[in-house]
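Please look over the structure shown below before reading on. The report that follows takes up the pocket, the nonpolar core and a few individual residues in turn.

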Amino acid sequence: MAYILVFCASALNGICNVLGECYNRRVKKTDSFCYSAIISLIVFLFYFIYGGFSFECNTLTVITACGYGLCYCLTFVFMLRALEYGYVSLVSLVMAYSLMLPTLFGIFFYGDYPGVTFYIGLALLVFAVFLIGKKESNTKEAENREKVNGKWLIFSVLAMTTNGALSILQTYQQKATEGNYRSGFMMIAMAIVFLFSIVKVIIGAKKDKEVIAVNFEKGWWVAAIYGIANALLNLAVMVAVNLLSAGPVFSTICGVSLVITLVLSVTLFKER
């Protein structure tokens, strides 16, 4: 059961990576806060229903959820900005390394020393990196070094760091509360993201109403699908980290999701 959840989370993570590119291509002039506002609302509603239309939490959950909410919002901002300057497969390559941060956290903080599944996950990651590197060398992506050395790399590294922090906070909260307060944790976090995003959207609307309107009109359904996929992804991860050590969970998600992202990006976006 635990390993099924891990592979489901891997697939959902890969799908989320591709949906970010879908949003950029459909909207053209992307407003990151319109995107995160829709997603956070969908995730909030998902966990409100999942929690039986009730709300429970403790002090630790509130603190970690607030940190999660901030990092969540920043991850979307940095990831979408990175996709404006680079390709989905390349951005996903850097983003995938973010899941190594909670893996290392589990090893050093919880003593989750590597087992067979950990090394299988790392092998999948190395294989995925090899495939992406080979693809890049045979395409026009390799000719545009600005995408690698400029703004693309900066925003990708920032997204990687904040995304890694998400998993660390989520793992810590779940282990500290023995798997409780999942709905409360996600609802608090998403409420913060939603409020912050809406404020930014209102400010942005005063400067350029057309951009905001286009984001909601053309991109709402992509963001909504992302929200559902992300809610399921987080649920799968929260259950999995209580059944398995953090190391094999995140290293496996890291490698498998990269392969899935590569396949989808080549198939859907023709990034050959």
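Helices here are DSSP runs of H or I with at least four residues, numbered from the N terminus. The model is a predicted one, and its largest pocket has a volume of about 260 Å³. Of the 14 residues that line this pocket, Thr 30, Asp 31, Ser 32, Phe 33 and Gly 204 are the closest to its centre.

At least two lining residues come from each of helix H2 (32-50), helix H3 (59-85), helix H9 (182-207) and helix H10 (209-243), and H9 gives the most to the lining of the largest pocket, with four residues. Sorted by class, the lining has six charged, five nonpolar and three polar residues.

## The largest nonpolar core

The largest nonpolar core holds 66 residues, of which Tyr 35 and Tyr 72 touch the most other members. The helices that each supply at least two residues of this core are H1, H2, H3, helix H4 (88-96), helix H8 (151-176), H9, H10 and helix H11 (246-269). H10 gives the most to this core, with 13 residues.

If residues up to four places away in sequence are not counted, Tyr 72 touches Ile 39, Val 43, Leu 166, Met 190, Val 193 and Asn 230.

The side chain of Thr 61 makes a polar contact with the side chain of Gln 173, at 3.1 Å.

## Two loop residues with positive phi

Most residues other than glycine have a negative phi. Lys 28, although it is not a glycine, has a positive phi of about 75°, and this residue lies in the loop between helix H1 (2-27) and H2. Lys 28 counts as exposed because its relative accessibility is 64%, where exposed means over 50%.

Phe 53, likewise not a glycine, has a positive phi of about 60° and lies in the loop between H2 and H3. Is Phe 53 buried or exposed? With a relative accessibility of 57%, Phe 53 counts as exposed.

Definitions and conventions. Residues are numbered from 1 along each chain as its sequence is written. This is a predicted model: local features need pLDDT of at least 70, side-chain atom pairs count only at pLDDT 80 or more; totals for chains, interfaces and linings use all residues. Side-chain values use heavy atoms; hydrogens and water are left out. On a 1 Å grid over the protein atoms alone, a cavity is a set of points where a 1.4 Å probe fits but cannot get out, and a pocket is an open set with protein on both sides within 12 Å along at least five of seven lines; lining residues have an atom within 4 Å of a point. Grid points are joined across faces, edges and corners, and a volume is the space filled by probe spheres set on the points. Ala, Val, Leu, Ile, Met, Phe, Trp, Tyr, Cys and Pro count as nonpolar, Asp, Glu, Lys and Arg as charged, and the others, Gly among them, as polar. Buried means under 20% relative accessible area, exposed over 50%, partly exposed in between (1.4 Å probe, protein chains only). A nonpolar core is a set of buried Ala, Val, Leu, Ile, Met, Phe, Trp, Tyr and Cys residues joined through side-chain atoms within 4.5 Å. Contact means heavy atoms within 4.5 Å. A polar contact is a pair of N or O atoms within 3.5 Å; within protein, one must be able to donate a hydrogen and the other to accept it, and residues adjacent in sequence count only if both atoms are side-chain atoms.
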